[in-house]
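Here is my note on the model, point by point. Please read it beside the coordinates.

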Amino acid sequence: MTDFGIRAATQADYDFLVDRLVEAVNWLPERNWSREQIMADPELAHYVAGWPRPNDFGLVAVDPADRPVGAAWCRYLTAADPGYGYVGDDVPELTIGVVGTWRGRGVGRALLRAVLDAARERGIPTVSLSVERANFAARLYAAEGFRTVESFEDADTMVAEIGA
């Protein structure tokens, strides 16, 4: 495992979270949506717009020089403005992204475990997410206890029942 730490995400991390959202959206090499396109799309921008809102929580992985290399965060979305992984107003949706050069080094798994621990500490019993089936991350989520609750053409909504 590469040397990295994990700290709480703050308002100062907003731009980094937007960058991770852009990477998450553009996980396919042939998909190349700009930051501006993503932030202009309400169905994508709501994952980070106004970060942090009162119930938001997240973590940032940092390298030994304290430079951010990955982030995982949870946000409550509503039936009136649902996310792709929406299952209920009382279930936060997880977004996660790791800087390309840091993928495959355990950062994503460590962030995932840590953000689920943070949810559990807040008394949150369930966390959801959406992932395209062809995305390598889908295997990580399944290995870490997420199960599919709804399937679409190319993507699944998954939940982790983490208890409280």
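**Notes on the model**

1. Start with G106. G106 is partly exposed, at a relative accessible area of 27%. The scale is this: buried means under 20% relative accessible area, exposed means over 50%, and partly exposed is in between, with a 1.4 Å probe and protein chains only. G106 sits in the loop between β4 (93–98) and α4 (107–121). In sequence, G106 and D3 are 103 residues apart; in space, their C-alpha atoms are 9.9 Å apart.

2. Ground rules. This is a predicted model, in which local features need pLDDT of at least 70 and side-chain atom pairs count only at pLDDT 80 or more, while totals for chains, interfaces and linings use all residues. Residues are numbered from 1 along each chain as its sequence is written, and side-chain values use heavy atoms, with hydrogens and water left out.

3. Element order. The protein chain has five helices and seven strands. Both kinds are DSSP runs numbered from the N terminus: helices are H or I with at least four residues, strands are E with at least two. The order from the N terminus is β-α-α-α-β-β-β-α-β-α-β-β.

4. Overall dimensions. Along its principal axes, the C-alpha trace spans about 40 × 35 × 30 Å.5. Packing and surface. Of the 164 residues in the protein chain, 46% count as buried. Contact means heavy atoms within 4.5 Å. Among contacts between residues at least 6 apart in sequence, 62% join residues at least 24 apart. The accessible surface comes to about 8,300 Å², and 51% of it belongs to carbon and sulfur atoms. Areas come from the Shrake-Rupley method with a 1.4 Å probe; for residues, only the protein chains shown count as cover.

5. Charge. The protein chain carries 16 positive and 25 negative side chains. Lys and Arg count as positive, Asp and Glu as negative; His and the chain ends are not counted. The centres of the two sets lie 6 Å apart. Each charge is placed at NZ of Lys, CZ of Arg, CG of Asp or CD of Glu.

6. D13. Is D13 buried or exposed? D13 is buried, with a relative accessible area of 5%. D13 lies in the loop between β1 (5–8) and α1 (14–25). Neighbours within four places in sequence aside, D13 is in contact with R7, A8 and V60.

7. Backbone checks. Most residues other than glycine have a negative phi, and most peptide bonds are trans. Two places deserve a look here. The peptide bond from W51 to P52 is cis, with omega near -10°. P52 is in the loop between α3 (42–45) and β2 (57–62). D66 is not a glycine, yet has a positive phi of about 70°. D66 is in the loop between β2 and β3 (68–75).

8. E30 lies in the loop between α1 and α2 (35–40). E30 counts as exposed, at 64% relative accessibility. E30 and A155 are 125 residues apart in sequence and 17 Å apart in space, C-alpha to C-alpha. A49 is in the loop between α3 and β2. A49 counts as partly exposed, at 35% relative accessibility. A49 and V18 are 31 residues apart in sequence, with 8.7 Å from C-alpha to C-alpha.
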